[in-house]
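This report describes a single protein chain, and the sequence and model follow.

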Amino acid sequence: MATMLGTGWAFLHSTLRAWATSVVPEARGTAVSCSVAALFIGSALGATLGRARPTTRGSGRSSGWRLPRPSR
């Protein structure tokens, strides 16, 4: 699964990078910087939110989100 996600991300990155460099020359710098910023921010948010998990206190209902403790 991780290999498929990584491969998809790599293809998406190269496709968006090619599109961003083919826009109007006056807007090329803005398009490239916005696309790169969106990819990095999205990757950071995805990793952060993917790490959280719902917690339960025996009632069967979710009582919130908690980050796992680091293993030693």
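Among contacts in the protein chain between residues at least 6 apart in sequence, what percentage join residues at least 24 apart? The share is 9%, where a contact means heavy atoms within 4.5 Å.

The model is predicted, so local features need a pLDDT of at least 70 and side-chain atom pairs count only at pLDDT 80 or more, whereas totals for chains, interfaces and linings use all residues. Residues are numbered from 1 along each chain as its sequence is written, and side-chain values use heavy atoms, with hydrogens and water left out.

**Overall features**

The protein chain contains 2 helices and 2 strands, arranged along the sequence as α-α-β-β. Helices (H or I, at least four residues) and strands (E, at least two) are DSSP runs numbered from the N terminus. Of its 72 residues, 11% count as buried, that is, under 20% relative accessible area with a 1.4 Å probe, protein chains only. The accessible surface (Shrake-Rupley method, 1.4 Å probe) comes to about 6100 Å², with 66% belonging to carbon and sulfur atoms.

**Confidence**

The pLDDT, the predictor's confidence in each residue from 0 to 100, averages 76 over the protein chain, and 76% of the residues score at least 70. The table gives the elements with the lowest and highest confidence.

| Element | Mean pLDDT |
|---|---|
| Strand β1 (residues 53-56), lowest | 56 |
| Helix α2, highest | 84 |

**Helix α2**

Helix α2 (residues 28-51) has 24 residues and reaches 35 Å from its first C-alpha to its last, close to the 34 Å expected at 1.5 Å a residue; the expected span is 1.5 Å times one less than the number of residues. Ala31, Val32, Ser35 and Leu39 are buried in α2, and the buried residues of α2 pack against α1.

Met1 lies in the segment before α1 (2-21). Met1 counts as exposed because its relative accessibility is 72%, exposed being over 50%.
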